Amino acid sequence: MAATPRFRKDAVEGPDREDPAGSGGKHPVDETLPPLRMFTSGLQHVAAMYAGVVAPPMIVGPAVGLDAKETAFLMGASLFTAGIATLLQTLGFWRIGARLPFVNGVSFAGVTPMIAIGKDRGHDGIAVIFGAIIVASLLGFVLAPYFCKLVRFFPPVVTGTVITLIGVSLLPVAFNWSQGGNATADDYGSTTNITMAAVTLVIVLALRKLLRGFLQQIAILLGLVIGTLIAIPVGITDFGALGDAGLVGFPTPFHFGAPQFEIAAIISMCIVMLVCMTESTADMLALGKIVGRPADERTIEGGLRADTLGSAVSPLFNGFMCSAFAQNIGLVAMTKVRSRFVVAAGGVILVVLGLVPVAASVIALVPLPVLGGAGIVLFGSVAASGIQTLAAAALEKGENALIVAAAVGVGLIPIAAPDFYHAFPEDLLVVLDSGISTGCVVAILLNLAFNHWGRTPQDGPQDGVADSDLPKEPMAVPVAH
């Protein structure tokens, strides 16, 4: 028993050590689980992210003029490429991959620019989008070793703010799912939808309270299954996709034609790539704290390379730009299952779903209100992790509280007032409409202004805010079990 505290401390302070406990053990991130636990835990990650992966192609496809069959093809391709990108992140090779339980999928940041690029142009529009993604992704791959050095500007006062914003920014997604997901539908926001979301939320909380061990860890998955079963007699489960799905469907390379390259489209997607890299950096810092393996420059460089390489390969198989999925960070925080191989199993499942449309349609049976109820817990867990980080950020010293106040305030603008920036140029909206990106930039700049610029060496850093709070050796943080 005496060895347990020592194991936890070493596992945090020495994430690169193969034997953190000194007794033949591995860091929880590098542990493998029994096959059944690996599959069910990986499936839970897929269930949490599925709607987010298929939503962008569902929006972009009709906007560029694709019919229902071609849009469904895009959705399958997005699942397939999300699986490849997730495997790159979790397993990695050479200096590619964060090697954390890090899920990748289609980025929402690119939806508006992609619609502007390809609107009503059909296959040509998709080809131009794919060409722009390839160029922007290759540029991001080259920039990754330099971009990762921004980690020194992410002390606790910044990381805590950004992690909190990640969680809070995701909550409206859960609320939208809880109402039905489609604001134009007749039953959007109906008492039936919201009640189903509430029932699922209660089920998940009850399962977390009553179950123990492995069953407690897959409480989200069990809650989704139970919620879906309840939703069948209620009448909000759609079996249409299951009947229309094919048994096998490989995403044929360049199905919509060879990539086309237009300067304006490339510039637009390069901006999106920078936004995605900023959000991925914040997500890696958040996940590193949660799993007890703080992300250093090398980890972030590998993670950004996996992001950008996955995005560069994605158009080959008719997929879009890939980036971190923050909602799965909440799942890691809640379940305490920190193994990257669990998420790798989820990546394999995504690849299978992309190759077997009928399997993907089974996951799609989960009604959005059911997913929304579970999402409230998942995304709230991310925000709670950010608040926990801020608790250690010495807010009582200097202007740290002011930094958090301003950054959170600016980051909440796109959530509280979605039309706030409506008069700004469309290209700027790629950044401004992301509360995570704007809040992150404000937090970094204010931290530099108040805690770095104009300070003499004799002044020393402010506790909890300066670069010394993110030392070259990973910092110790509490590990929840």
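Reader: How many disulfides does the count come to by this rule?

Author: In this predicted model, the count comes to zero disulfides. A disulfide is a covalent bond between the sulfur atoms of two cysteines, and the rule applied here asks for a pair of cysteine sulfur atoms within 2.5 Å.

Reader: How do you know that Cys 276 is in no disulfide?

Author: The nearest cysteine sulfur to that of Cys 276 belongs to Cys 322 and is 9.4 Å away, whereas the rule requires the two sulfur atoms to lie within 2.5 Å, so Cys 276 is in no disulfide. Cys 322 is likewise in no disulfide, the sulfur of Cys 276 being its nearest at 9.4 Å.

Reader: Why is Cys 276 called buried?

Author: Its relative accessible area is 3%, and buried means under 20%, so Cys 276 is called buried. Cys 322, at 2% relative accessibility, counts as buried by that cut-off.

Reader: What makes the pair of Phe 80 and Phe 317 edge-to-face?

Author: The ring centres of Phe 80 and Phe 317 are 5.3 Å apart, and their planes stand at 70 degrees; because pairing asks for centres within 6.5 Å and edge-to-face for planes over 60 degrees apart, the pair is edge-to-face. This pair links distant parts of the chain, with Phe 80 in helix α3 and Phe 317 in the loop between α12 and β2, 237 residues apart. Both Phe 80 and Phe 317 are buried.

Reader: Why is the pair of Tyr 421 and Phe 424 called edge-to-face?

Author: The centres of these two rings lie 5.5 Å apart and the planes meet at 85 degrees, which is over the 60 degrees required, so the pair of Tyr 421 and Phe 424 is edge-to-face. Tyr 421 is buried, with a relative accessible area of 10%, whereas Phe 424 is partly exposed at 40%. Together with Phe 420, Tyr 421 and Phe 424 form one aromatic cluster, and a search of the whole structure finds five aromatic pairs.

Reader: How do you know that the side chains of Arg 293 and Asp 30 meet in a salt bridge?

Author: The distance from N to O is 2.7 Å, and a salt bridge needs a side-chain nitrogen of Lys or Arg within 4 Å of a carboxyl oxygen of Asp or Glu, so Arg 293 and Asp 30 qualify. Arg 293 lies in the loop between α11 and α12, and Asp 30 in the loop between α1 and α2, 263 residues apart. Arg 293 counts as buried at 11% relative accessibility, and Asp 30 is buried at 14%. Salt bridges that share partners join Asp 30, Arg 293 and Arg 340 into one network.

Reader: Why are Glu 301 and Arg 305 separated by about one helical turn?

Author: Glu 301 and Arg 305 are separated by about one helical turn because they are four residues apart in helix α12. Their side chains meet in a salt bridge of 2.7 Å, N to O, and both residues are buried.

Key
Residues are numbered from 1 along each chain as its sequence is written. This is a predicted model: local features need pLDDT of at least 70, side-chain atom pairs count only at pLDDT 80 or more; totals for chains, interfaces and linings use all residues. Side-chain values use heavy atoms; hydrogens and water are left out. Buried means under 20% relative accessible area, exposed over 50%, partly exposed in between (1.4 Å probe, protein chains only). Rings of Phe, Tyr and Trp (its six-membered ring) pair if their centres lie within 6.5 Å; planes under 30 degrees apart count as stacked, over 60 as edge-to-face and the rest as tilted. Helices (H or I, at least four residues) and strands (E, at least two) are DSSP runs, numbered from the N terminus.
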